[in-house]
Structure formats: structure tokens, C-alpha cells
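Visitor: I am new to this structure. Please show me how to read a few of its features.

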Amino acid sequence: MCTYPISLDDNLVMQAESTLQINESFQSWLQQQVQMWLLAQVNSRNQTHYRHSKLSDEMLAERLKDYPLLEESDFPSLAAEDYSTYLKSRSGQLPKGIEKWL
């Protein structure tokens with residue numbers, strides 16, 4: 001493990017300690033925060049970002065030209081009653097697979 005010196009404003013550190021209610025030493029807490037942030041940055045850079053299509057807008061339009069256009073009527077309106085009915089039917093049910101996050 002390497003040591004990297006950083007400088008922080010003392011007033012800012014005091015405000016952070018009192019505001020965030022840190023139960024451990026500020027140095028330990030800050031080290032944890034920086035490590036988690038760096039890990040998240042490294043992981044996000046390592047993920048391959050896929051595009052759905054390598055087609056340009058023009059090429060995609062050409063491919064889709066034979067399909068009917070979507071109209072507003074293709075998407076039924078959801079009234080408050082529909083949503084209320086949905087809520088009552090789903091009340092107390094967890095979404096599938098959520099248990100692993102609880």
C-alpha cells in the first residue's frame with residue numbers, strides 16, 4: 001500500500017466530521033471513501049459500452065421504412081383508476097429477484 005499526501009481545509013474537515021457524524025477517525029473514513037470512489041471509477045472504465053446498433057440514423061431509417069409508423073393511439077392512456085388497480089393488485093408483492101438486494 002502506498003501513501004498519497006493530500007491537503008484539506010481544516011474547517012471543511014471539521015464541518016464534514018460534525019455533519020456526517022463519522023463514528024471512526026476521519027482519516028480512516030476518508031480513506032474508505034476514496035478507495036470506494038477509485039474502485040467505482042476503475043470498474044466503470046473497464047466496462048465495455050455497447051451500442052445497440054452501429055447503424056447511422058439514415059441507415060436505420062432506411063431499414064425501418066417498411067414498418068408502420070407508431071401513433072399515439074398505439075400507446076393506451078393510463079388513467080388514475082388503472083394505476084390504482086395496478087397498485088392494489090401488486091400490493092405486498094416484491095419484484096422478482098429483489099430478495100438478493102434486501
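Guide: Start with exposure: buried means under 20% relative accessible area, exposed over 50%, and partly exposed in between (1.4 Å probe, protein chains only). Glu62 has 48% relative accessibility, so Glu62 counts as partly exposed. Lys65 is exposed, at 54%. This is a predicted model, where local features need pLDDT of at least 70 and side-chain atom pairs count only at pLDDT 80 or more, while totals for chains, interfaces and linings use all residues. Residues are numbered from 1 along each chain as its sequence is written, and side-chain values use heavy atoms, with hydrogens and water left out.

Visitor: In what do the side chains of Glu62 and Lys65 meet?

Guide: A salt bridge is a side-chain nitrogen of Lys or Arg within 4 Å of a carboxyl oxygen of Asp or Glu. Glu62 and Lys65 form one, at 2.6 Å from N to O. The count by this rule is one salt bridge.

Visitor: How many aromatic pairs does the count come to?

Guide: Rings of Phe, Tyr and Trp (its six-membered ring) pair if their centres lie within 6.5 Å; planes under 30 degrees apart are stacked, over 60 edge-to-face, and the rest tilted. The count is one aromatic pair. The ring centres of Phe26 and Trp29 are 5.6 Å apart and their planes lie at 35 degrees, so this pair is tilted.

Visitor: Is Phe26 buried or exposed?

Guide: Phe26 is buried, with a relative accessible area of 13%.
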